[in-house]
Amino acid sequence: MVQLGLVGLGRMGFNMRERLRAAGHEVVGYDRNQAVSDSTSLADMVSKLDAPRIVWVMVPAGGPTRETVAELGELLAEGDLVIDGGNSRFTDDKHNAEVLSAKGIGYLDCGVSGGVWGKENGYGLMVGGDKELVERAMPIFDALRPDGPREEGFSHAGSVGAGHYAKMIHNGIEYGLMQAYAEGFELLEAAKVVEDVPAVIKGWQRGTVVRSWLLDLLVRALDEDPELDDLEGYVEDSGEGRWTLEEAINNAVPAPVISAALFARFASRRKDSSAMRAVAALRNQFGGHAVKKAGE
């Protein structure tokens with residue numbers, strides 16, 4: 001049994017706490033929403049943990065994460081460990097690690113994939129940081145990852161920043177896959193020769209080379225709304241698609257599929273389309289991301 005402090009009990013953090021507890025670990029959570037929090041403040045959470053402590057941070061990327069890490073640096077002690085499991089940009093990790101290192105506190109960055117389904121299915125984990133710290137936190141990673149071989153749901157990607165870099169590329173690929181399914185949906189819908197589009201897509205779930213969990217989620221969305229008429233084809237981007245393209249430019253790596261998928265999201269904010277309704281439905285299905293209902 002491992003004891004863990006968990007900061008941020010939103011869509012993913014709350015489910016991660018429940019999955020860890022189901023595996024027998026002790027989790028002391030903190031969230032500004034006191035209805036779900038186990039502690040009244042970060043300081044109160046830290047006071048309930050036994051040294052050496054491990055604290056997992058699941059708050060919005062950017063300023064909120066940097067501020068939380070800085071505050072933890074004042075509350076924790078030498079030998080403690082902080083894991084950033086949010087969608088931070090990999091360039092923030094070096095700064096966070098340096099802030100904590102000055103206090104003798106370890107730091108790991110962990111890209112987490114699995115969305116709102118992770119509680120049941122487990123989370124894909126991509127970790128950056130020192131091997132010794134990774135081994136120390138392995139009971140936590142093993143509890144969060146999917147059942148089965150560790151290497152199929154967990155990777156130690158490299159040094160600090162590597163975990164979030166891997167997750168950034170993962171999300172860039174996700175953009176492209178979602179856009180391909182969405183464009184196929186729109187083309188099937190536009191072709192008068194196909195009379196039952198949901199049936200065709202459902203028929204791809206077994207035996208075809210395009211079967212995947214994302215396809216399963218599209219089928220689920222179509223079961224609920226066969227023409228996706230309840231959604232507006234308006235799709236936000238979390239930022240990681242943009243960062244992926246910046247890295248593609250920095251490394252002179254062609255990324256036409258990912259770039260097209262990102263630009264399609266930009267276009268979705270200017271006009272409605274079947275394809276972007278499908279992307280909106282997929283984001284809502286796997287991550288619980290907000291959608292705009294038609295007519296709103």
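## Pocket and cores of a predicted model

Domain 1 (3-160) and domain 2 (168-269) each give at least three residues to the lining of the largest pocket; the domain bounds come from an automatic or database assignment. This is a predicted model, in which local features need pLDDT of at least 70 and side-chain atom pairs count only at pLDDT 80 or more, while totals for chains, interfaces and linings use all residues. Residues are numbered from 1 along each chain as its sequence is written, and side-chain values use heavy atoms, without hydrogens and water.

A pocket here is an open set of points on a 1 Å grid over the protein atoms alone where a 1.4 Å probe fits, with protein on both sides within 12 Å along at least five of seven lines; lining residues have an atom within 4 Å of a point. The volume is the space filled by probe spheres set on the points.

| Largest pocket | Value |
|---|---|
| Volume | about 1,600 Å³ |
| Lining | 50 residues |
| Helix H8 (162-190), giving the most to the lining | seven residues |

Arg11, Met12, Met58, Asn87 and His289 lie nearest the pocket centre. Helices are DSSP runs (H or I) of at least four residues, and strands (E) of at least two.

The largest nonpolar core has 27 residues, with Trp56, Ile83, Leu108 and Phe141 making the most contacts inside it. Such a core joins buried residues (under 20% relative accessible area, 1.4 Å probe, protein chains only) of the types Ala, Val, Leu, Ile, Met, Phe, Trp, Tyr and Cys through side-chain atoms within 4.5 Å. Helix H7 supplies the largest share of this core, five residues. A second, separate core of 26 residues includes Leu215, Leu217, Ala280 and Ala281.

Note on methods. Buried means under 20% relative accessible area, exposed over 50%, partly exposed in between (1.4 Å probe, protein chains only).
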